[in-house]
Amino acid sequence: MDFFAKRLIKWYNFNKRELPWRSTSDPYKIWLSEIILQQTQVNQGLSYYLKFIEHFPTVKDLAKAPEDKVMKLWQGLGYYSRARNLHEAAKTIVKEHNAGFPQSYNEIRALKGVGDYTAAAIASIAYGLPHAVVDGNVYRVLSRVFEIETPIDSTAGKKEFYELANELLPKKSAADFNQAIMEFGALYCRPQNPDCANCIFNDKCEAFRTQKVNQLPVKAKKTKVKDRYLNYIVFVDNGYTYINKREGKDIWKSLYEFYLIESDKRNNEANLLKSKELVKIWKGKAPRIINVSKEYKHILSHQNLHARFYQIALENSPHHLKLKKVKIAQLNKYAFPRLIEKYLKDEDLIK
DNA sequence: AAGTCGGGGGA
DNA sequence: TCCCCAGACTT
């Protein structure tokens with residue numbers, strides 16, 4: 001087992017990518033990078049990291065920012081609870097830690113949005129503390145090299161991989177080891193098309209020897225996908241429109257959208273006009289629909305969204321609804337889901 | 001233990 | 001299509 005860390009760290013020193021969060025020792029920046037990179041590939045998160053550092057050079061800057069600005073900068077990256085928790089944790093750090101980033105594993109772990117993985121990553125990378133990270137890369141690399149078939153999404157599997165990672169971790173090189181195993185998983189021991197031919201472990205890898213590389217790691221569950229049909233009512237009122245901030249437990253919390261009428265089946269215009277909700281809004285008088293968009297299909301990991309946008313005429317403006325009246329020219333200040341952003345661009349409502 | 005939360009990219 | 005990504009949180 002001793003070969004593992006040695007080869008890995010040596011490989012890392014020669015082959016690591018130059019990334020902005022690797023050339024800093026600022027725990028705030030390391031924390032930010034780790035939140036952004038949760039369930040997100042480096043190439044997708046990189047520009048967001050740079051934007052955040054530019055707008056919020058310190059944790060104080062982030063803490064005092066309005067939530068809408070944080071969400072706007074996060075727009076398009078997904079998993080928006082990360083942005084809300086990031087913002088809340090920044091406030092916690094300023095208030096309860098006097099703007100100094102916490103330096104112990106337990107204090108880091110207590111921050112909103114920081115779980116076992118992220119706490120270990122920050123503790124090791126920023127402070128050299130001996131906590132092994134276990135992320136998707138670690139599951140993949142370890143399950144293959146040591147041919148472990150325990151499902152990674154089971155309690156037993158999580159425990160087993162966590163213990164193995166910590167056994168393999170050289171306590172004095174925690175930062176390098178953790179980053180090395182993740183980098184190696186991303187560049188060589190990939191989910192598909194792993195580069196076994198050029199792999200530094202191909203003389204030791206059990207899965208390679210038994211030709212089980214593409215069967216590992218084992219995952220037990222699979223997600224169910226639901227269809228949802230979103231009918232958006234777009235009021236256009238002489239240079240203004242009406243938007244709404246999503247609340248509750250559903251997707252896109254804290255992002256904006258138009259007035260939404262959701263149905264579990266595909267709606268056409270006639271059905272929409274007859275829908276109880278719409279009739280109720282105008283007290284039985286059908287509103288005048290002046291434009292119906294194409295259907296937008298938007299795929300999430302667990303939902304297939306089908307959306308259509310209905311523009312309603314000026315005389316039907318919803319002054320009686322609790323919507324936010326905003327200038328169309330100001331729409332670019334608000335964070336919208338990708339789906340709505342696409343519509344806005346198609347209609348030239350934003351650039 | 002199971003569900004839920006986004007969006008992009010690769011094969 | 002399906003799978004995965006420097007996972008966390010709620011139920």
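User: Before we start, what makes a residue count as buried?

Analyst: Good place to begin! We count the other C-beta atoms within 10 Å of the residue's own C-beta atom. A residue with 12 or fewer is exposed. To be buried, the number it needs is 20 or more.

User: What percentage of chain A is buried?

Analyst: Keep in mind that this is a predicted model. Chain A has 351 residues, and its C-alpha trace spans about 75 × 50 × 35 Å along the principal axes. Of those residues, the buried share is 31%.

User: Which helix gives the largest share of the side of domain 1 that touches domain 2?

Analyst: Chain A is divided into domain 1 (2–215) and domain 2 (226–346), and nine residues of domain 1 are in contact with nine of domain 2. Five residues on the domain 1 side come from one helix, residues 67–74. That side has three nonpolar, two polar and four charged residues. The helix with the largest share is H5.

User: How far apart are the centres of domain 1 and domain 2?

Analyst: Here the centres are taken over C-alpha atoms. The separation between the two centres is 38 Å.

User: Why do the buried residues of H6 line one face of the helix?

Analyst: H6 covers residues 81–96, and its buried residues are Ala83, Leu86, His87, Ala89, Ala90 and Ile93. An α-helix has 3.6 residues a turn, so residues three or four places apart point the same way. Seen down the axis of H6, the buried residues line one face because they fall within an arc of 165 degrees.

User: Which helix gives the most residues to the surface near DNA strand C?

Analyst: There are 31 residues around DNA strand C, and Gly115, Thr118, Asp135, Gly136 and Met182 come nearest. Elements giving two or more residues to this surface are H2, H8 (116–127), H9 (136–145) and H11 (174–187). With five residues, the helix that gives the most is H11.

User: How many charged residues does the surface near DNA strand B have?

Analyst: Of the 22 residues around DNA strand B, those that come nearest are Gly78, Tyr80, Thr155, Ile251 and Pro337. By class, the surface has seven nonpolar and 12 polar residues. The number of charged residues is three.

User: Is Asn238 buried or exposed?

Analyst: Asn238 lies in the loop between E1 and E2 (240–245), and its phi is positive, about 50 degrees, although it is not a glycine. Asn238 has 8 other C-beta atoms within 10 Å, so it is exposed.

Technical notes:
Residues numbered from 1 in each chain as written. Chains lettered and ligands numbered in written order. Predicted model: local features only at pLDDT ≥ 70, side-chain atom pairs only at ≥ 80, totals over all residues. Near = placed C-beta within 6 Å. Nonpolar A, V, L, I, M, F, W, Y, C, P; charged D, E, K, R; others polar. Domains from an automatic or database assignment. Contact = placed C-beta atoms within 7 Å. Helix = DSSP H or I, 4+ residues; strand = E, 2+ residues; numbered from the N terminus. Expected span 1.5 Å × (residues − 1). Arc of directions from axis to C-beta.
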